[in-house]
Amino acid sequence: MLRKLLKSKLHRATLTGAELHYEGSLGVDEDLLKAAGLQPNEAVHVWNVNNGSRLQTYVVPAPAGSGAVCLYGSAARKGQVGDVVIIAAFGWMDEEEARVHRPQVVLLGEGNQVKAVR
């Protein structure tokens with residue numbers, strides 16, 4: 001049997017943009033993608049702490065060091081600049097992998113700077 005577990009998470013990112021008229025996705029600073037072990041085009045969940053909205057989309061790299069976290073396309077209706085979001089990716093694992101798996105959790109602070117990685 002396979003189990004779906006949290007693979008990686010960017011915790012408490014601040015939205016820096018919301019662009020409605022753009023091909024849909026979520027732009028994330030390339031450095032943050034690397035810190036969380038996320039790949040370009042990987043499926044993610046985005047949970048908005050400010051308004052409770054939840055969506056699933058995919059990530060595209062934004063310029064490294066920019067701190068950018070931007071909702072694109074129809075997803076832009078789910079948040080506004082300054083909202084705090086949680087970005088999570090999941091993976092399927094067999095029983096053995098699931099027993100030893102620990103997700104990569106990146107805690108973010110002011111300006112979407114990495115505070116800690118767990």
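**Exercise 1.** Determine whether K7 is buried, exposed or partly exposed in this predicted model.

*Solution.* Begin with the cut-offs, where buried means under 20% relative accessible area, exposed over 50%, and partly exposed in between, with a 1.4 Å probe and protein chains only. K7 has a relative accessible area of 22%, so K7 counts as partly exposed. Before going on, note that residues are numbered from 1 along each chain as its sequence is written, and that side-chain values use heavy atoms, leaving out hydrogens and water. Because the model is predicted, local features need pLDDT of at least 70 and side-chain atom pairs count only at pLDDT 80 or more, while totals for chains, interfaces and linings use all residues.

**Exercise 2.** Find which residue forms a salt bridge with K7, and describe where the two partners lie.

*Solution.* A salt bridge is a side-chain nitrogen of Lys or Arg within 4 Å of a carboxyl oxygen of Asp or Glu. K7 forms one with E42, and their closest N and O atoms are 3.3 Å apart. This pair links distant parts of the chain, since K7 lies in strand β1 and E42 in the loop between α1 (30-36) and β4 (43-48), 35 residues apart; helices (H or I, at least four residues) and strands (E, at least two) are DSSP runs, numbered from the N terminus. E42, at a relative accessible area of 18%, is buried.

**Exercise 3.** State how many salt bridges the whole structure holds, and examine the one formed by R3.

*Solution.* The search finds 2 salt bridges. R3 pairs with E95, the closest N and O atoms being 3.0 Å apart. R3, at 39%, is partly exposed, and E95, at 28%, is partly exposed.
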